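Subject: Structure for your review

Dear colleague,

Please find the structure below, handed over for your records. My notes on the side-chain interactions follow it.

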4 protein chains.
Amino acid sequence: MIVVMQPHSTTEQLDHVVKLVEDMGLSSHVIVGTNRTVVAAVGDKRMVDKEAIETAPGVEKIVPILSPFKVASREVKEEDSSIALRPGGPAIGARDKIAVIAGPCSVEDRSSLLEIAHAVKEAGGIGLRGGAFKPRTSPYSFQGLAETGLQYLAEAREQTGLAVVTEALTVSHVPLVAQYADVIQIGARNMQNFMLLRAAGEQPKPVLLKRGMSATMEEFLLAAEYIINAGNPNVILCERGIRTFEDYCRNTLALTIVPAIRRVSHLPVLVDPTHGTGHAYLVAPMTLASIAGGADGVILEIHPDPEHALTDAAQQITLPDFRDLMQQIARVAAAVDRVL
Amino acid sequence: MIVVMQPHSTTEQLDHVVKLVEDMGLSSHVIVGTNRTVVAAVGDKRMVDKEAIETAPGVEKIVPILSPFKVASREVKEEDSSIALRPGGPAIGARDKIAVIAGPCSVEDRSSLLEIAHAVKEAGGIGLRGGAFKPRTSPYSFQGLAETGLQYLAEAREQTGLAVVTEALTVSHVPLVAQYADVIQIGARNMQNFMLLRAAGEQPKPVLLKRGMSATMEEFLLAAEYIINAGNPNVILCERGIRTFEDYCRNTLALTIVPAIRRVSHLPVLVDPTHGTGHAYLVAPMTLASIAGGADGVILEIHPDPEHALTDAAQQITLPDFRDLMQQIARVAAAVDRVL
Amino acid sequence: MIVVMQPHSTTEQLDHVVKLVEDMGLSSHVIVGTNRTVVAAVGDKRMVDKEAIETAPGVEKIVPILSPFKVASREVKEEDSSIALRPGGPAIGARDKIAVIAGPCSVEDRSSLLEIAHAVKEAGGIGLRGGAFKPRTSPYSFQGLAETGLQYLAEAREQTGLAVVTEALTVSHVPLVAQYADVIQIGARNMQNFMLLRAAGEQPKPVLLKRGMSATMEEFLLAAEYIINAGNPNVILCERGIRTFEDYCRNTLALTIVPAIRRVSHLPVLVDPTHGTGHAYLVAPMTLASIAGGADGVILEIHPDPEHALTDAAQQITLPDFRDLMQQIARVAAAVDRVL
Amino acid sequence: MIVVMQPHSTTEQLDHVVKLVEDMGLSSHVIVGTNRTVVAAVGDKRMVDKEAIETAPGVEKIVPILSPFKVASREVKEEDSSIALRPGGPAIGARDKIAVIAGPCSVEDRSSLLEIAHAVKEAGGIGLRGGAFKPRTSPYSFQGLAETGLQYLAEAREQTGLAVVTEALTVSHVPLVAQYADVIQIGARNMQNFMLLRAAGEQPKPVLLKRGMSATMEEFLLAAEYIINAGNPNVILCERGIRTFEDYCRNTLALTIVPAIRRVSHLPVLVDPTHGTGHAYLVAPMTLASIAGGADGVILEIHPDPEHALTDAAQQITLPDFRDLMQQIARVAAAVDRVL
């Protein structure tokens, strides 16, 4: 941490800052510059709230040097993490493999779910997604089938061998979802629901953590850090679009975060081009862009009859379009030395 | 809802859209324009997911006409809502009164909390805020005193008569918080935690709902709608800054939402200039701006010794600064025909 | 500037960075921390492009310490600047005075302009605004009366004594606008039109510089720095809303920038609540909020018949509403110890 | 256009709106709904400012149906535009070809420019970029070689046959730049410099138009419309990142706009991964993502010695890295049925 003093700060103010720094267990180095005096505070105290110093008299600002996340960073673990979706099952983050997880936005009924699951399996997907509990912006919208939905998902897994990925909306869902699913999804709206992060960290199944729609990369990795610190190292990150001023799409898919995370973290990164764009016609190009840009895979919403889907109709692609897209994914993956 | 057809859509596509509209229980009016044909769908079906039509062949886009929220709107209730913080106690949204709620970011210990509470009372505040459960971005930061904090808050209320406002972070906190507090706060990160919204709606105490940091006005009012629909009409809205590209402040305080909400909703609106700016030196001017701009009050973080505060040190103001600010609030309130 | 080295950087890399720093004429201080080594580069070389060092091997990032603007900053000039709109005329930034500049979006015809000018004068305004050249998003929209518009503005000044504020859209407009106007406005879309900034800096009339709709505070002050460096110290800043995800208003009025600029710069700051909100019904509350928040004044769009205005109809307020607003401004100004 | 009336609007207000609509030369259809009455205004009057109606009494809002751009849209020209960079030379927007334009941020000296140009040519690029006039945020930064830089670019073209792409910063640059360059670039900061757009439209060379950093897709296409309307149909669009809250990159590269523009416009679209990310290590993955996502090509900044570049050091890639990237581009292009 660097403490930058104001232009006309006094010696007493400087001494006070040095004392505050040392009271935190850090050592201090004072550097008198041409226009500013700065105090470099040395030591690894990520857990200390350093902003207190910002309020001390004569201080202009605090500049952090260390990133606030640690166990999610490459400093602590240099090699990429590869996370098995279930013991002995397919993994995400195995460098040469591209993972595709697909399924309906919501689990709507048993037969359509099974139809979709077989389509995912046949096309080369490794995971089946589908919401049993739906976080809906409007209280008037369909809210999901709850446990019945989870049972259908489990049945689809038995028939296909796909790993089931589904969302827990609140702490009390976690044990139930963990009972049926292979991977517990934490949605974008819950990325800073710290109680839920902790609950997901205290059970053994891998967690697919979606980026909040206004989360910085640092906040995203700190959310992963919550889960890891609670005891569960198996966190899969997922970019799903951020909120910006753009209005031709529901969100702005911020693909650059994929190589940016790669540089600072060992965790695998998926992309969700469905929520990341909000329109079916944009899903295929953004899926291919994600693969070419270095993502470890994608999570897609597909539906046999999007027009009659109960949720997110406008952004789900049809099963034939999904099959075509899988072939295109395979080609682009090969062009960047990976395989589906 | 207006369905806009693509330029070269066919008669069959148009007929199909008309059928979809009518299947939803809406009546349809086809208007053939110079460049586009549109289908106006008439009827109040806010609860229907209309985006399904967007995927029908030949459809360019859907334009909603009705706002998706209803019970929070002035269409349903024209006069302003005034919400008593406790039975017979002070109210927010009483048109001529400005409400000030103040207190520390976190409840840190009994004596400092009582000191603060008395300062709030003496300066003319009506509510005491203070976090017992803290949602912290970093897992390494102080997480709050939990129930002990709630007990201190309740004691402060007994001594001062202030209404206690404190946050519930998750569904399981709600009964506990409701037992001690007068008003349950739902924080910005939980604005779309729909399970929590519902739990807050199923208990009788008023709810202070903070705007999510990337929530549109419509999403904000839909979150209020969740609470009201669950049975609790006593929702107080609170603007607390949104996430933008600005970097001189932690958030961008979007004050314009105050008169904008006034126009479409009957619910009272507070502003939180502390989180809305993130720096102590910005709190006073933004507080006065909030009052002049039509807010029903403010919620402020104050601390006897911000430099040693356990959380949010950089943005809390001192007790003497708070007393001065209260006098300025009174003057600005008078200038817009309101009283503290 | 602080150069932060990567965790496993080598001694050679460090030596290379030290050499780069010293080649720039800066002195270097190496601090070996627990997790990082940093090089503090000392000296005032704002004019050097320091990002070159970011590409040197072993460097993680560069952290600037000094703000990049200088002559616009309080470090160079501590006391507030007060800028006379014309020699011996009214000033902006005179601490106790609130300035109101008002007028139509576009100069439409002579008689309506004169009517408006008299209304501004009578209500206590000091400046008349009105566009002669209009920057329109659509090539199909009304583009302004050009020099004829400037002549009407000059005539209105002769009749009323108001200072005329009008926009130059391009370098070649500057001499023409300077001939008729008292203050040359540079619009939001031109805030980083560096040729125009320079041209405005090379002539003697004060410049009203509007913030770009995605400009940071630093970029805003650097734009002012361009003008000042070109020889013209008389720059008046104007916040006019930024682009965010909000959709109930055309822009998000970022009022917090007013006290934030005050802290780092001596230049006066106005607010434009008309463009900053985009809707007439939001103008009055945001005007009052601006005054209470510490702005030196406002610039407003008013029109005798907004419904038939040629441009920006939806956001201009009527003359009677303007008169009422001026009375409210006077009251709020008094509450913050200022006068209209 | 759909005019939505307020809930309790009167018959007089409705009649007045109908009259306003018809005065604009549009025909009106009144639809009385359950909660709202709407007036559908029919006719192609993109050139009329319709927002005037928004101010009429009883009106809640206006919903446009037609997009405001026309000649840039697929409605007017269905097939993709292919734009030759010079008569008989290589084209952009030829469906199966991927175009690569590369060069230094600034033209710094003759020999390095020629070295770069040969590297671009040998690796398969079709265009040479390089700034002779630099729009710098800071007045203290290097501002470019001006006409000397243009002369070096022209010499590089003679030696290599590459098309020269360089920026005109202001109206008066246009004839000079047009004299030396094959393609005139309009930078992001000038995307709404309407005088410059017009000047570029009144000369015959193709224009590479960069998206403004806070421009919506509609504004971007309207800027292209300005150029086309002024007489020059040869507009190449270029996404270069938008301003958001993200802080790990200089801008957020909004790749989704590529397929979104494809759907509504016939103009070719390039991507600039250099400015779109701001860091050299992000350029390669985002280049490949752009190609996979459907861009017609990329424009890249390359430099023989980025560490000593005069501008934009941190984001330029080296010549060996560029050669490697070109081979990767070729592979990804092939995977989406295109060729370099």
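A charge is taken to sit over a ring if NZ of Lys or CZ of Arg is within 6 Å of the ring centre and within 35 degrees of the ring normal. Please bear in mind throughout that this is a predicted model.

Charges over rings

C:Arg263 lies over the face of B:Tyr281, at 4.0 Å from the centre of the ring. The ring of A:Tyr281 has the charged end of D:Arg263 over it, with 4.0 Å to the ring centre.

Aromatic pairs

Over all chains, the count of aromatic pairs comes to four. One of them is formed by A:Phe194 and A:Tyr226, which are stacked at 4.7 Å centre to centre with 25 degrees between the planes. This pair links distant parts of the chain, 32 residues apart: A:Phe194 belongs to helix α5 (residues 194-201) of chain A, and A:Tyr226 to helix α6 (residues 217-229) of chain A. Both A:Phe194 and A:Tyr226 are buried.

In chain B, the ring centres of B:Phe194 and B:Tyr226 are 4.7 Å apart and the planes are at 25 degrees, so this pair is stacked. Because B:Phe194 is in helix α5 (residues 194-201) of chain B and B:Tyr226 in helix α6 (residues 217-229) of chain B, the pair ties together parts that are 32 residues apart in sequence. B:Phe194 has a relative accessible area of 4% and is buried; B:Tyr226, at 3% relative accessibility, also counts as buried.

Salt bridges

Side chains of opposite charge can pair when their charged atoms come close.

B:Glu301 and B:Arg129 meet through their side chains in a salt bridge of 3.7 Å, N to O. B:Glu301 lies in strand β14 (residues 297-301) of chain B and B:Arg129 in strand β8 (residues 127-129) of chain B, so the two tie together parts that are 172 residues apart in sequence. B:Glu301 is buried, its relative accessible area being 1%, and B:Arg129 counts as buried at 4% relative accessibility.

In chain D, the side chains of D:Glu155 and D:Arg110 form a salt bridge (2.6 Å, N to O). The pair links distant parts of the chain, 45 residues apart, with D:Glu155 in helix α3 (residues 147-160) of chain D and D:Arg110 in helix α2 (residues 110-123) of chain D. D:Glu155 is partly exposed, with a relative accessible area of 24%, and D:Arg110 counts as partly exposed at 38% relative accessibility.

A salt bridge (2.7 Å, N to O) also joins the side chains of D:Asp296 and D:Arg338. D:Asp296 is in the loop between α9 (280-292) and β14 (297-301) of chain D and D:Arg338 in the segment after α10 (319-335) of chain D, so the pair ties together parts that are 42 residues apart in sequence. D:Asp296 is buried, with a relative accessible area of 0%, and D:Arg338 is buried, with 10%.

A network of salt bridges links A:Arg36, A:Glu60 and C:Glu75.

A buried glutamate

A:Glu167, in strand β9 (residues 163-167) of chain A, is buried yet has no salt bridge. The nearest side chain of opposite charge, A:Lys134, is 5.4 Å away, whereas a salt bridge requires the nitrogen within 4 Å of a carboxyl oxygen. The side chain of A:Glu167 does reach the backbone nitrogen of A:Gly187, at 3.4 Å. Leaving aside neighbours within four places in sequence, A:Glu167 is in contact with residues including A:Phe133, A:Pro135 and A:Val177.

Yours sincerely

Notes. Residues numbered from 1 in each chain as written. Chains lettered and ligands numbered in written order. Predicted model: local features only at pLDDT ≥ 70, side-chain atom pairs only at ≥ 80, totals over all residues. Heavy atoms only, no water. Helix = DSSP H or I, 4+ residues; strand = E, 2+ residues; numbered from the N terminus. Buried < 20%, exposed > 50% of the residue type's maximum accessible area, 1.4 Å probe, protein only. Lys, Arg positive; Asp, Glu negative; His and termini not counted. Polar contact = N/O pair within 3.5 Å; in protein donor to acceptor, adjacent residues only side chain to side chain. Contact = heavy atoms within 4.5 Å. Phe/Tyr/Trp six-rings, centres within 6.5 Å; stacked < 30°, edge-to-face > 60°.
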